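Work through the exercises below with the sequence and the model side by side. Try each task before reading its solution.

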Amino acid sequence: MNPVTQSKVLRALENRTVERLGGTQSIPVDVRIISATHRNLPLAIRDAQFREDLFYRLRVVTLELPPLRAHKEDIAILAESFVHFHGQRLGRVPRLANDALHALERYDWPGNIRELKNAIERALVLSRGDELTASDLPDEVLHGVPMLPKAGEGEDFGLREKDFRDAKRKFEVAYLLRQLGSHRWNISRTAATIGLHRQSLQERLRELGIRRPGQEIPEEEE
């Protein structure tokens, strides 16, 4: 939400009135607002990207939804559900083998439930027989590493994606990987070069599931 829209939303919440586009008359409204974000709003406020007064106006009742990696006990239930959902559409509902389930539970799922759902669909399309095994799963799930573009790959930077959010994410991943690689994964130097605070860059890397090869979380060079 850009700053202009933030201001308009805040005014509507405070005054409980809106104006139609091109209109001049205030119209009273009586609504309840449900808002959601995947961003760290306190950090956005600190970086002057989100209005503090709007944040406190919206934050009446807050629900924190943890990432899938924080409640892996639900992966089996979700996976079985997606197998049946996609399987009925494809005309076959195979059994989820133990090795496939173990691989699903080991993976950290940076793309959360959407990534799990897509991984199951891909496995069903490529599998044969009455059982879905680990060999049917995407390589990134089997090896425990998110699928990120290598140097020289993904040069469309998301331009081929139809969904804006997917295109934006693909561009950010490619851009940040290139910047990190050029600075040998030094977080402070990379953040200074691209105009972000160090903490903001670290938060974005966590959100995108970007990790330094061989490390759980990107760290400074010693």
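**Exercise 1.** Which side chain meets that of Glu-172 in a salt bridge at 2.7 Å, N to O?

Solution. The model is a predicted one, in which local features need pLDDT of at least 70, side-chain atom pairs count only at pLDDT 80 or more, and totals for chains, interfaces and linings use all residues. Residues are numbered from 1 along each chain as its sequence is written, and side-chain values use heavy atoms, with hydrogens and water left out.

Step 1. Apply the rule: a salt bridge is a side-chain nitrogen of Lys or Arg within 4 Å of a carboxyl oxygen of Asp or Glu. The partner of Glu-172 is Arg-204, at 2.7 Å from N to O.

Step 2. Helices are DSSP runs of H or I with at least four residues, strands are runs of E with at least two, and both are numbered from the N terminus.

Step 3. Check the exposure. Buried means under 20% relative accessible area, exposed means over 50%, and partly exposed is in between (1.4 Å probe, protein chains only). Both Glu-172 and Arg-204 are buried.

**Exercise 2.** Which residue forms a salt bridge with Lys-168?

Solution. Step 1. The partner is Glu-172, with the closest N and O atoms 3.0 Å apart. Both residues lie in helix 8, four residues apart, or about one turn of the helix.

Step 1. Compare the accessible areas. Lys-168 is partly exposed at 31%, whereas Glu-172 is buried at 16%.

Step 2. Return to the pair of Glu-172 and Arg-204, which meet in a salt bridge. Salt bridges with shared partners join Lys-168, Glu-172, Arg-204 and Glu-207 into one network.

**Exercise 3.** Where in the chain are the partners Asp-108 and Lys-72?

Solution. Step 1. Their side chains meet in a salt bridge of 3.1 Å, N to O. Asp-108 is in the loop between helix 5 (98–106) and helix 6 (112–126), and Lys-72 is in the loop between helix 3 (52–58) and helix 4 (75–90); the pair links distant parts of the chain, 36 residues apart.

Step 1. Asp-108 is buried, with a relative accessible area of 16%, while Lys-72 is partly exposed at 21%.

Step 2. By the salt-bridge rule, the count comes to 10.

**Exercise 4.** What is the phi of Trp-109?

Solution. Step 1. Phi is near 55°, a positive value in a residue other than glycine.

Step 1. Trp-109 lies in the loop between helix 5 and helix 6. Trp-109 is buried, with a relative accessible area of 0%.

Step 2. Arg-16 also has a positive phi, of about 55°, and is not a glycine. Arg-16 sits in the loop between helix 1 (3–15) and strand 1 (17–18), and counts as partly exposed at 44% relative accessibility.
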